Amino acid sequence: MCGIIGCFKKEGCYDTLLTLLHRLEYRGYDSAGIAVLSSGRKTLTVRKRKGGVSGIEGRRIAGETGIGHTRWATHGAPSDRNAHPHVCGKFALVHNGIIENYLSLKEELVRGGAEVASDTDSEVIVRLIEKVYTGDFFAAVAAACKRLQGSYAIAVLCKDAPGEIVCAKYKSPLVAGASDDALYVCSDIPALCGEAEYICTANDGEFIRIKDSKIVFCDEDGAEISKVFERVSPVLRAEKPQQGSFMEQEIREIPRALAETYVGLKGLDFAVCARELRQTKRLFAVACGTAYHAALAFKDAVERDSKIPVLCHTASEFRYRKPLVCQGDVVVAVSQSGETADTLEAVRLAKNCGAYVIAVTNIEHSSITGLADFSIVMRAGPEIAVAATKSYNCQLLCLYYLAAQLYFYKNAQMPAYYSQLCLLPEAARAAFDTFIPMRILAEKCKSARGMYFLGRDRDVRTAAEGALKVKEIAYVFAEGYAAGELKHGTIALIEEGFPVIMIATNSALTGKCENALEEVRARGAYTVLFTQDEGAMSKSCADFKCLLPSVCEELMPVISVIPLQYFACRMCIERGYDPDKPRNLAKSVTVE
Ligand code: G6P
């Protein structure tokens, strides 16, 4: 969701604030703002505006200490007045999270004579701080935090305390960073890469204080907590593409991302979790969005090969459903960012129930890896575009690898597909041959009001992911569906020219897929077939056919999704939108 930053730099923090805000923009781009405190003149300058970070660029603001924010609106529409930082008296504050009791706090503040200036939940925090302030900046922030319910990562400036930033964290991510010439706080590890050399993440209930050119972690009473800073991996840094979108660039990075992830997997010692994998009688998998589709693909692989049930839940449901998780269960949490609030809560719940948690994430020091018993950190590299692409392919690789390990610990041998995993990067590169046909297909489909993605067996997951991509960035209603279910409802919506995209990579089922295509074609649908089977392709009635590169069928989901990712990207561009900044979405959903 929102991105927050704080920076102390003796030479002036303005440029760094903007650099970091640009990097954080993928967390929210409704509005942006900064506040800069200059020690000499004790001035607090605030610049905030509806729209992207470029909207607040302008004359350099002098000052060593600053905070910044990119907003993804939760309370109150995107507007100048709802943009952060929020200011009250001597204080300026940026916030990521949701204050669940903000209405009662607001009422109390209004009763006390406060004139509330925005519709946000965040503003109450800065007003509370101002209300309890008696000269001790830190104590005022700590006292205000005691009144808050919900989630927050905040960074606060006080005119009386030049050179100081006080931050607090509860259930929203916050990390501190240090380099030779600057100190930072940030909601995002990847954004700090390239600026900070060392980082340290805050735990819930901890405060970070930048003061006297030092970073100190402390508890609510101000007592110092000893923490270890770790060197940050430069691999997390993302460069803006020379041309085109981050999304297209990230799709083109899939072969490299898969190759690096594979090397990482080979170096990982799964023996650490051998006992749990050997003994478990069932697994759970929890995730959101694209990661949930990867979790479903994992379920398919484990149930097919190891014959162990995998109960797959969207994390938002899992956490409120009182799932039957207990000691002895293995819970696999899949999350690119490692910060998704629902997935994080699902992990906490699983841990509290005594389960063994395996995390599959892209971010090494994320909150989810911090909680998990064992982490598989893929090496997709930074993913900036909101719609996940290369991280999905890498999640699938990691999960198939994990499924193979599970099989190994149960059967003392690897499944047949294991030796083929190394071929995925090359096959992914071969899938780029589909990009020209995908451009043509996107051109043909650009005016569609809706479309279906169909498949059978493991291709249902790919269909669901293809549909999600089209919804997310091209704003076309799309459903990913099991082809066999077509006759039980969805076929009613087929009309002249309605695109129906069939993914058929399971040779045992291509005939059945073809039947479904015939049925919708007879009703006027514009039919599209994706398969690696040349025979099936030549026989097919489909209006548009696309040959996929071939890898062993169990691994086809890693490859067959690539043209769909690219198709969605092209649909988005054809329809005149920016693939990197889909409306209403945020990359890292750190609030419920
Ligand atoms: C958001 C993003 C999706 C992503 C989902 C889960 O909804 O827009 O692209 O799949 O979060 O994110 P995670 O970081 O947990 O994989």
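Buried, as used here, means under 20% relative accessible area, exposed means over 50%, and partly exposed lies in between, with a 1.4 Å probe and protein chains only. In strand β22, P499, I501 and I503 point one way while V500 and M502 point the other way, and all of them are buried. The structure is a predicted model, in which local features need pLDDT of at least 70 and side-chain atom pairs count only at pLDDT 80 or more, whereas totals for chains, interfaces and linings use all residues. Residues are numbered from 1 along each chain as its sequence is written, and side-chain values use heavy atoms, with hydrogens and water left out.

**The chain as a whole**

- The chain holds 19 helices and 24 strands, where helices (H or I, at least four residues) and strands (E, at least two) are DSSP runs numbered from the N terminus.
- Its radius of gyration is 25 Å, close to the 25 Å that the globule rule gives for 592 residues, so the chain is as compact as a globular protein of that length; the radius is taken over C-alpha atoms, and the rule is 2.2 Å times the number of residues to the power 0.38.
- The C-alpha trace spans about 80 × 55 × 45 Å along its principal axes, and buried residues make up 61% of the 592 residues.
- Of the contacts between residues at least 6 apart in sequence, 71% join residues at least 24 apart, contact meaning heavy atoms within 4.5 Å.
- The accessible surface comes to about 22,400 Å², of which 48% belongs to carbon and sulfur atoms, as given by the Shrake-Rupley method with a 1.4 Å probe, where for residues only the protein chains shown count as cover.

- An open sheet is formed by 6 strands in the order β5-β6-β7-β8-β12-β13, with antiparallel pairing; two strands are taken to pair if DSSP finds at least two bridges between them.
- β5 (86–88) and β13 (214–218) stand at the edges with a single partner strand each, so one side of each is left without a neighbour in the sheet.
- From one strand to the next the twist averages 20°, with axes being lines fitted to C-alpha atoms, for helices over the stretch in contact, and angles running from 0 to 180 degrees between N-to-C directions.
- Strand β6 (residues 91–99) is joined by 9 bridges to the antiparallel strand β7 (residues 150–158), and L93 stands opposite V156 in β7.
- Helix α4 (residues 137–146) packs on this sheet, touching β6, β7, β8 (165–170), β12 (207–211) and β13, and its direction makes about 160° with that of β7.

**Helix α2**

- Y102, L105, K106 and L109 are the buried residues of helix α2 (residues 102–111).
- Seen down the axis of α2, these buried residues fall within an arc of 100°, so they line one face of the helix; the arc is that of the directions from the helix axis to the C-beta atoms.
- The buried residues of α2 pack against β6 and α3 (123–132), while L103 and R111 are exposed on the other side of the helix.
- G113, whose phi is positive and near 105°, follows α2.

- In helix α15 (residues 435–445), the residues F435, M438, L441, A442 and C445 are buried, and they cover an arc of only 110° around the axis, which puts them on the same side of α15.
- The face turned away from that buried side carries the exposed residues I436 and K444.
- The cover over the buried residues of α15 includes α6 (246–252), β20 (450–455), β22 (499–503), β23 (526–531), β24 (544–547) and α19 (556–574).
- In β22, 5 of the 5 residues are buried, so this strand is largely enclosed by the rest of the structure.
- β20 and β22 pair in the parallel sense over 4 bridges, with Y452 opposite V500 in β22.
- β22 and β23 also pair in the parallel sense, over 5 bridges, and the bridge partner of I503 in β23 is F530.

**Two individual sites**

- S38 lies in strand β2 (residues 31–38) and counts as buried at 5% relative accessibility; leaving aside neighbours within four places in sequence, S38 is in contact with T43, A62, G63 and E64.
- T369 lies in helix α12 (residues 367–371) and counts as buried at 11% relative accessibility.
- Not counting residues up to four places away in sequence, T369 touches T361, I363, E364, S375 and V377.
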